[in-house]
Amino acid sequence: MSSRETKADVILIGAGIMSATLGTLLKELVPEWEITVFEKLANAGEESSNEWNNAGTGHAALCELNYTVEQPDGSVDISKAIKINEQFQVSMQFWSYLVNSKLIKNPQDFIMPLPHMSMVQGDKNVTFLKKRFEALSNNPLFQGMEFSDDSAKLMEWIPLVMQDRPLNEAIAATKIDSGTDVNFGALTNMLFDHLKTKNVDINFKHSVDNMKRTSDGSWELKVRNVDSGSVERHTAKFVFIGGGGGSLHLLQKSGIPEGKNIGGFPVSGIFMVCNNPEVVAQHHAKVYGKAKVGAPPMSVPHLDTRFIDNKKSLLFGPFAGFSPKFLKTGSMLDLVTSVKPSNVLTMLAAGAKEMSLTKYLIQQVMLSKEQRMEELREFIPNAKLEDWDLVVAGQRVQVIKDTPEGKGTLQFGTEVITAADGSIAALLGASPGASTAVHVMLEVMKKCFPQQIEEWEPKIKEMIPSYGVSLMENPELLQEIHTSTAETLGLSQKELVYS
Ligand SMILES: Cc1cc2nc3c(=O)[nH]c(=O)nc-3n(C[C@H](O)[C@H](O)[C@H](O)COP(=O)(O)OP(=O)(O)OC[C@H]3O[C@@H](n4cnc5c(N)ncnc54)[C@H](O)[C@@H]3O)c2cc1C
């Protein structure tokens, strides 16, 4: 069987938001570089980046309570919230650059303004929310945040949540209007459509099965054409493993020492979706609650307005669950085959430590639709079974690694692993994920192209004016960026009519 062979400067494995972002950044910086993409599915953005596989929250730490932690002395540590907000501002600037340069036509096809809210019940939680509000609202990054524990005000903000609610319990919320709903699937597709016009060689239905180092330090990939079964060999000087849940296996195949002692733990997700226009019309926000005791941070319940394909709907969840697959389209053997001699001790240590998490996830999988409705009714007291359907969300593969906190520690963030010589990089982990794709890909570039990054800096600053600068410490620049990105991305026009 004839076998195709190519040589490129860069190979991107996977056609999700991460490869889309890295490819677009590189094409702006070095248009002459040859880039090839291999994606095993038939289209871009079909796994975690797909709009129905994630919650579409533009994570800027405006509403996610797990990014602000109460300290033993009662104060609230907001350092993680600041970091995530700053990273989201980087994405907003790059997306604005793409719109201004006409690389993306209609920003409202992928980003919509939507208030971000946190809501809690019970005296203890209300006290925490107030303290959190006081800590954040003094910071320029969180300007415009409001707090209320007044039921009349809350009725105005979140009527669906407040209707028919017994008012003998303390309840409070914060609201900030500069939040967003992002359709990462649409954005991924827009970026790949653009890359196609820049002669990027995009190969769908091509699965990367193996890789090895060549004598000149490049990487040779063994790629299988999913339709014909033929095996191809493709080489590149730099490889980005953007396989989402598939990245860990590919990293292990690379054999780089930096990929050892790392494991993955899959967590599946289920959302409930409401398409009843009467119910949908009564809600206009992303409302994040507090995770239940014992629940992992990725299962914080939230009730979100979503804008997908010009249609407004409501999403509630995610309910976490256990499945051994690393991708939605993955194999039941993914978890077992990810255990290698190099990470078995790390995995065993995590297994012993995380028994309660596994138990929690299995309990979540067993929930009936009526039991899920009970959780939804904590948000919408009069939610009706017939208005809500279940949708299976994407898989998250949480990284397990050895840290100063101990062997086999479960991580909830995003991790970039690079070879010492910068010839290969892999992206592992999930949250805050897609929202911070631009920041994370800039990190990959800094680590992997240390010789070029200085030369690229002026162009990077043109695309991302705050590059290398703390916005929190530069409120004037922050103000300028807020105003210009809101205008370019159409986030100041609040009265867009959606069915
Ligand atoms: C339930 C859930 C909710 C989330 N909510 C949010 C949110 O609200 N906001 C947010 O910012 N982020 C959210 N995330 C995280 C976000 O979705 C991910 O961080 C992001 O989509 C990851 O993008 P990616 O490009 O790395 O992976 P993916 O989009 O999964 O793309 C990886 C691609 O690689 C392909 N691939 C894998 N292996 C191979 C191989 N061997 N050969 C060829 N191709 C391969 C896959 O088919 C896939 O298309 C959520 C995730 C989940 C699961």
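**Chat about a predicted model**

Colleague: Where does Asp 164 lie?

Modeller: In the loop between helix H5 (159–162) and strand S8 (171–176). Keep in mind that this is a predicted model.

Colleague: And what about the phi of Asp 164?

Modeller: Positive, at about 60°. Asp 164 is not a glycine, though.

Colleague: Is Asp 164 buried or exposed?

Modeller: Exposed, because its relative accessibility is 58% and the cut-off for exposed is over 50%.

Colleague: What is the phi of Asn 199?

Modeller: Asn 199 has a positive phi of about 65°, and Asn 199 is not a glycine either. Its place is the loop between H6 and strand S10 (201–203). Asn 199 is exposed, with 69% relative accessible area.

Colleague: Let's step back. How many helices and strands are in the protein?

Modeller: 15 helices and 22 strands.

Colleague: What radius of gyration does the protein have?

Modeller: 23 Å. A compact globule of 499 residues would come out near 23 Å, so the two agree. Along the principal axes, the C-alpha atoms fill a box of roughly 70 × 50 × 45 Å.

Colleague: What share of the residues is buried?

Modeller: 57% of the 499 residues. The protein exposes about 21,100 Å². Carbon and sulfur atoms supply 52% of that area.

Colleague: And the contacts, what share comes from residues 24 or more positions apart?

Modeller: 72%, counting contacts with a separation of 6 or more.

Colleague: How many positive and negative side chains are there?

Modeller: 49 positive and 59 negative. The centres of the two sets lie 5 Å apart.

Colleague: On to aromatics. How many aromatic pairs does the structure hold?

Modeller: Twelve. One of them is Trp 95 with Phe 110. Their ring centres are 5.7 Å apart and the planes stand at 90°, so this pair is edge-to-face.

Colleague: Where are Trp 95 and Phe 110 in the chain?

Modeller: Trp 95 is in helix H2 (residues 79–100). Phe 110 is in the loop between H2 and strand S5 (111–113). They are 15 residues apart, and the pair links distant parts of the chain. Both Trp 95 and Phe 110 are buried.

Colleague: What are the rings of Trp 95 and Phe 184 doing?

Modeller: They also make an edge-to-face pair, because the planes are at 65° and the cut-off for edge-to-face is over 60 degrees. The ring centres are 6.4 Å apart. Phe 184 lies in helix H6 (residues 184–197) and Trp 95 in helix H2, so the pair ties together parts that are 89 residues apart in sequence.

Colleague: Why does Phe 184 count as buried?

Modeller: Because its relative accessibility is 2%. Trp 95 is at 3%, so Trp 95 counts as buried too.

Colleague: Which residues form one aromatic cluster?

Modeller: Trp 33, Phe 238, Phe 449 and Trp 456.

Colleague: New topic. How many residues of helix H7 are buried?

Modeller: Seven of the eight, so H7 (residues 247–254) is mostly covered. Among the buried ones are His 249, Gln 252 and Ser 254. Gly 255 follows H7, and its phi is positive, near 75°.

Colleague: Where does Gly 122 lie?

Modeller: In the loop between strand S6 (116–121) and H3. Gly 122 is buried, at 18% relative accessible area.

Colleague: Which residues does Gly 122 touch?

Modeller: Leaving out residues up to four places away in sequence, Gly 122 touches Glu 169 and Ala 170. Ser 151 is 29 residues from Gly 122 along the chain, and their C-alpha atoms are separated by 14 Å.

Colleague: Last one. Is the peptide bond from Gly 317 to Pro 318 cis or trans?

Modeller: Cis, with omega near -10°. Pro 318 lies in strand S17 (residues 311–321).

Conventions: Residues numbered from 1 in each chain as written. Predicted model: local features only at pLDDT ≥ 70, side-chain atom pairs only at ≥ 80, totals over all residues. Heavy atoms only, no water. Helix = DSSP H or I, 4+ residues; strand = E, 2+ residues; numbered from the N terminus. Rg over C-alpha atoms; globule rule 2.2 N^0.38 Å. Buried < 20%, exposed > 50% of the residue type's maximum accessible area, 1.4 Å probe, protein only. Contact = heavy atoms within 4.5 Å. Areas by Shrake-Rupley, 256 points an atom, 1.4 Å probe, with all protein chains shown as cover. Lys, Arg positive; Asp, Glu negative; His and termini not counted. Charge placed at Lys NZ, Arg CZ, Asp CG, Glu CD. Phe/Tyr/Trp six-rings, centres within 6.5 Å; stacked < 30°, edge-to-face > 60°.
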